[in-house]
Amino acid sequence: MNTFSDSVSTAIGLVLAGDAGLWAIVLRSLAVSVTATVIAYALGLWLGAWLASARFAGRGVALTLLNTALAVPAVVVGLVVYLLLSRSGPLGFLGWLFNFEAMVVAQAVLVLPLVTALVRQTVEDAERSHGEQLRSMGAGTLMRSLLLAWDERYALLTVFITAFGRAIAEVGTVMIVGGNIDGFTRVMTTAIALETSKGDLPLALGLGVVLLAVVLVLNALVSLVRRWRERADGLVPLGVGI
């Protein structure tokens, strides 16, 4: 392709024509990120809700470590997971390195601090509002955290969507543990990086278009859930559009 416009038109053609190679990469990316997000969300929901309601010695240190984990570079997460899953690592017996499972683990570890921090903040805000009422009714820490999490379920749904968006846009972590193997562990972000370096701009642009579409849908879902919550709380008239 000699021009940018030619590359763009070819890329759109690949997407619309249902190019098998392109859509195989897309489906693999979605499978990895959805699985990783579900795992991280299940763990982060419990941990974040508990941290919001529990009071114990060292809680400040735990929150500091959690906030620090949010700033850990993705490639560092990938390196740690690589070392754990390598043949000489403690989990090497699983044989997951350069496989689907390794990419899932890496993305789950990457987004777990994000889910935990967002859930903790959401539930802690609810705790300040009406946690005292639940305590007066005899609800313990675990029960109180679960009730508050359920009360904030619409906000926590946006946490899931945010975590998925973080996972599917990641490149460094999955590149390290997955190896970017064609037809096996290649996902959208790693394929875009590789195809751009090779000069295959149509495929890279095609994958970029799909990735942008996924991000756009995620942002739209976040907005819809937010408006849904406001309407459920009676804050927005039903006639008001999104």
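Within the largest nonpolar core, which has 31 residues, Val119, Val123 and Val177 touch the most other members; such a core is a set of buried Ala, Val, Leu, Ile, Met, Phe, Trp, Tyr and Cys residues joined through side-chain atoms within 4.5 Å, where buried means under 20% relative accessible area, exposed means over 50% and partly exposed lies in between (1.4 Å probe, protein chains only). The model is predicted, so that local features need pLDDT of at least 70 and side-chain atom pairs count only at pLDDT 80 or more, whereas totals for chains, interfaces and linings use all residues. Residues are numbered from 1 along each chain as its sequence is written, and side-chain values use heavy atoms, with hydrogens and water left out.

At least two residues of this core come from each of helix H2 (20-53), helix H4 (74-85), helix H5 (100-136), helix H6 (141-151), helix H7 (153-168) and helix H8 (172-178), and H5 gives the most, with 11 residues. Helices (H or I, at least four residues) and strands (E, at least two) are DSSP runs, numbered from the N terminus. A second, separate core of 18 residues has among its members Val15, Val210, Leu218 and Val222.

If neighbours within four places in sequence are left aside, Val177 is in contact with Gly78, Val81, Tyr82, Leu97, Phe98, Asn99, Ala102, Met103 and Ala106, contact meaning heavy atoms within 4.5 Å.

| Pair | Centre to centre | Angle between planes | Class |
|---|---|---|---|
| Tyr41 and Phe160 | 5.2 Å | 90° | edge-to-face |
| Trp50 and Phe56 | 5.1 Å | 15° | stacked |

The pair of Tyr41, in helix H2, and Phe160, in helix H7, links distant parts of the chain, 119 residues apart. Tyr41 counts as buried because its relative accessibility is 16%, while Phe160, at 24%, counts as partly exposed. Trp50 is partly exposed, with a relative accessible area of 35%, and Phe56 is partly exposed at 32%.

Ser86 lies in the loop between H4 and H5 and is buried, with a relative accessible area of 10%. Its side chain reaches the backbone oxygen of Leu83 at 3.0 Å, and, with neighbours within four places in sequence left aside, Ser86 is in contact with Gly92 and Leu97.

Notes
Phe/Tyr/Trp six-rings, centres within 6.5 Å; stacked < 30°, edge-to-face > 60°. Polar contact = N/O pair within 3.5 Å; in protein donor to acceptor, adjacent residues only side chain to side chain.
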